Amino acid sequence: MRFFVARPRMNAAPGFRTVALIIASAMFMEQLDGTILATALPAMAESFDVSPLHMSVALTSYMLSLAVFIPASGAIADRYGSRNVFRAAIALFTLGSVLCGVSGNLPLLVLSRLLQGIGGAMMVPVGRLVLLRSVPKSELVAAMSWLLVPALIGPVVGPPLGGFIVTWASWRWIFYINVPIGIAGMWLASRYVPDIRLPEKVRFDKLGFVLSGASLSCLVFGLEMASHGATSLYGSTGLVVTGIVTGALYVWHARRVENPILDLSLMRFTTFRLSVVAGSLTRITAGGMPFLLPLMMQLGFGLSAAHSGVVTFVSAVGAMLMKATASPVLRKWGFRNTMVWNGVLSMICVALCAAFRPDWPLWTIYAVLLLSGFFQSLQFSAYNTVAYADVPSERFSAATSFYSTFQQLMLSLGICVAAASLHASVAWHGHESSQLADFSAAFLVITLISLIAAPVCALFPRNAGAEMSGHRSR
């Protein structure tokens with residue numbers, strides 16, 4: 001299948017590094033927003049007069065919106081053009097940020113976060129789709145590294161910036177700072193991002209969109225409600241059961257239409273299927289850790305938001321340091337070996353977070369978080385690249401939507417699992433509020449779940465993604 005590519009008006013077509021950096025700017029805004037918000041949750045809970053545990057809905061509502069609308073991102077980009085959709089997504093995300101800043105209570109904040117999520121659902125998947133279609137597979141590891149470097153700046157500066165804003169200004173400014181970034185992103189997208197679309201229009205799967213959206217939203221909100229006891233057991237169970245039933249209906253529907261909104265036939269590709277499964281398990285930790293760590297530092301250690309931000313940003317520094325080593329590591333060891341052993345090392349580092357105590361030397365906490373960020377970042381770089389090793393280029397759009405949907409769904413589940421573990425430990429020990437032992441239990445739970453990914457990674461073929469990594473096994 002051939003694609004229609006309309007280049008922006010300029011003297012020379014931009015290289016993949018330029019396009020990758022522009023797309024990464026949108027990811028930077030999204031990552032900055034999420035990491036700042038995690039640091040500010042206790043202050044926002046005080047402002048809204050709710051429990052800090054209930055503030056997890058501010059994170060999961062955004063990820064819910066991502067999970068519902070990401071499936072449609074590929075089809076919408078193919079129909080209306082990647083540049084138009086990417087630019088509109090940045091505008092919608094920026095508008096949602098402004099509405100979050102003016103929210104006067106938690107329900108309004110949740111609605112604004114849902115609107116933000118619609119924009120985020122189009123920004124990152126469509127940007128990744130542009131890169132996949134414009135870069136040869138032999139350069140994809142390098143392109144993904146360029147894509148992720150600026151995006152990792154968000155988690156680096158997010159926690160300390162969020163801490164300083166909450167400590168010396170108002171938490172509302174964590175949303176207002178997205179406005180100038182969004183305006184710059186729209187201008188750069190108009191100038192440099194190619195407008196890739198299918199020459200023929202594909203029928204949009206409306207019923208599939210409704211069924212998948214209903215299933216994912218019921219599952220995420222049902223698990224969110226159950227994670228902190230916000231509603232009765234029957235209410236949360238009813239939502240989860242509804243999500244499972246509508247999900248089964250979607251599977252039945254997807255097998256009977258030509259272009260389903262989530263193409264389940266992609267799971268026939270071994271590298272794609274294993275990357276989805278192993279990546280989903282690992283992302284439970286990736287979703288839960290940014291929620292647990294700032295709360296642990298502030299509620300368990302008694303640190304200020306600013307001090308907490310300075311401590312927790314170290315893992316993002318480790319993630320940035322990894323980017324220079326991703327290509328040589330994958331070239332030497334290959335995707336399978338790297339993902340198996342690196343996955344175990346990253347989970348050991350996360351498990352060590354359960355042992356953090358105020359009497360630990362600060363440098364040891366920094367060292368653990370630095371290594372944790374390094375190994376986790378390498379793991380996700382490998383997952384995000386090898387997933388497309390065997391997928392034909394004409395199916396990149398469907399593959400990107402499918403992969404991104406499960407990525408966000410499992411990040412949401414990670415927050416729910418972390419919040420539920422914390423809530424259960426508080427109830428089990430009879431504590432009035434979260435104590436250090438409760439955070440330790442939650443860290444161990446999310447670590448044990450993600451450790452299951454290691455044997456899944458061992459199922460990858462020995463030469464998986466060799467064209468991308470340049471690794472040649474004996």
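Quick caveats. This is a predicted model, so local features need pLDDT of at least 70 and side-chain atom pairs count only at pLDDT 80 or more, while totals for chains, interfaces and linings use all residues. Numbering runs from 1 along each chain as its sequence is written, and side-chain values use heavy atoms, with hydrogens and water left out.

Back to N384: you'll find it in helix α14, residues 362–386. Helices here are DSSP runs of H or I, at least four residues, numbered from the N terminus. So is N384 buried or exposed? Buried, with a relative accessible area of 7%. The cut-offs are under 20% for buried, over 50% for exposed, and partly exposed in between, using a 1.4 Å probe and protein chains only.

Now F356. Setting aside neighbours within four places in sequence, F356 is in contact with residues including L293, M297, F301 and L436; contact means heavy atoms within 4.5 Å.

Last stop, D49. D49 isn't a glycine, yet its phi is positive, about 60°. D49 sits in the loop between α1 and α2 (56–80), and D49 is exposed, with a relative accessible area of 70%.

Notes:
Helices (H or I, at least four residues) and strands (E, at least two) are DSSP runs, numbered from the N terminus.
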